[in-house]
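Subject: Structure handover

Hi,

Here is the structure I promised to pass on. Please open it alongside this email; my notes follow below.

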Amino acid sequence: MTYFDTLETRSDDQRASDLAAALPKQIALAQTAAGYADSLSGIEASSITSAADLAALQVLRKSDLSKAQGGNAPFGGFTVKPASGFAHIFQSPGPIYEPGGVDHDWWRMGRFLHAVGIGAGDVVQNCFGYHLTPAGMIFENGARAVGAAVLPAGTGQTELQVTAARDVGATAYAGTPDYLKVILDKAETMGVKLGFTKAAVGGGALFPSLRQEYADRGITCLQSYATADLGSIAYESAAMEGMIVDENVIVEIVTPGTGTPVAPGEVGEVVVTTLNPDYPLIRFATGDLSAILPGTSPCGRTNLRIKGWMGRADQTTKIKGMFVRPEQVAALVEKHDEIVKARVIAARDGEMDTMTVQIEANAGDEITFGKSVIEVLKMKAKIEVVAPGALPKDGLVIEDQRSYD
């Protein structure tokens, strides 16, 4: 067994000692950023030396970033250098702007790719998006860190994806969990044999049946947990027992809507503090649910483990690798006077995510509403127009019918 670096196998005492040295410096650095002028005011940085100490600080939410960026674009005062000091500036739905760097493993994704077995000699077909959002560059930066070559394929044009994978000898796939199946199935119809043996996936749930299908095709598929703001948070190893927390973040599990840590093993919201000196996010609430797993991974990596993604603390749901938020559904309703109410349903058709938008309306048609759904929710959906009063009165605007067992 080889590891990305020696940080992965530290003892608990050594990891705690290293954190006690690094965390006060990161808090002090954050205090130099205008965005923390209120939340970290009066905090003695030297007193914050552990995850337990972080619990006394305020939680930072994506809505806080959005509000701050509205008056201080593009990063709302939460970086320690200007936008011109970064290699990239990305835009995620909201819009929210995130910085990006090209320094060695800036997003910390190399650790995950190494765990998948990707390294020198591999050609990674990177099917994460390169347009505005950072996922493509996050994985490309990680591939550089492990010495792999990258085919920056992005999304779509499946026949060209198959042709390129064959022609360049792609050995590894990076992208959302279900898009690899689309490529493989297209290759079969084209009579093309591809050389994928490894897959590093993220941006959506990896369902057990899909993982098994890849295994049956000779492809080892592991998943990561990352966000546009934070980069890598946790990742699977070959042991496939939970997800191992990255060595340069601190993860807390808190009661949703609060900053109060839950009891060990209980489900709560994932709150992350990064040790990235360029973008020191302190107690950033992801909106995702998870729980801490006891013990350490059989693979020999000793850091904290979480169970992986267990849903959302709010109704925000990831469909086809894109977040759909309650405020987007509200915007859809507001766009048409004839719409009374709308409900987004996430489901599965085979191994693919599907999205249905049910619309209570006095008038209108599926084609018109479908165009608005693409505009507001940024993806196509099946449209069902129903009579006013037909939708359940249960407070849900986004319903996830997918099974994660």
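This is a predicted model: local features need pLDDT of at least 70, side-chain atom pairs count only at pLDDT 80 or more; totals for chains, interfaces and linings use all residues.

**The buried face of H9**

H9 spans residues 326-335. Its buried residues are Gln328, Val329, Leu332 and Val333. An α-helix has 3.6 residues a turn, so residues three or four places apart point the same way.

**H9 against H10**

The two helices pack at an angle of about 140 degrees. Their axes are 10 Å apart. Angles over 145 degrees would count as roughly antiparallel, and 65 to 115 as roughly perpendicular. H9 and H10 are therefore oblique to each other. Their crossing is right-handed.

Which residues meet here? From H9 come Gln328, Val329, Ala331, Leu332 and Lys335. From H10 come Ser372, Val373, Glu375, Val376 and Leu377. Gln328, Val329 and Leu332 are also among the buried residues of H9.

**The sheet**

Four strands make up an open sheet, with mixed pairing. The order is E20-E19-E18-E21. At the edges are E20 (382-386) and E21 (398-400), each of which pairs on one side only. Neighbouring strands are turned by 20 degrees against each other on average, direction ignored.

Look at E19 and E20 in particular. E19 covers residues 352-361, and five bridges join E19 to E20. The two strands run parallel. For a landmark, find Thr356: its bridge partner in E20 is Lys382.

**Elsewhere in the chain**

Ala56 sits in the loop between helix H2 (51-54) and strand E1 (60-61). Is Ala56 buried or exposed? Its relative accessible area is 68%. The cut-off for exposed is over 50%, so Ala56 counts as exposed. Val124 lies 68 residues from Ala56 along the chain. The C-alpha atoms of Ala56 and Val124 are separated by 42 Å.

Over to you.

Best wishes

Definitions and conventions. Residues are numbered from 1 along each chain as its sequence is written. Side-chain values use heavy atoms; hydrogens and water are left out. Two strands pair if DSSP finds at least two bridges between them. Axes are lines fitted to C-alpha atoms, for helices over the stretch in contact, and angles run from 0 to 180 degrees between N-to-C directions. Buried means under 20% relative accessible area, exposed over 50%, partly exposed in between (1.4 Å probe, protein chains only). Angles under 35 degrees count as roughly parallel, over 145 as roughly antiparallel, 65 to 115 as roughly perpendicular and the rest as oblique. A crossing is left-handed if the near helix is turned anticlockwise from the far one by less than a right angle, and right-handed if clockwise. Contact means heavy atoms within 4.5 Å.
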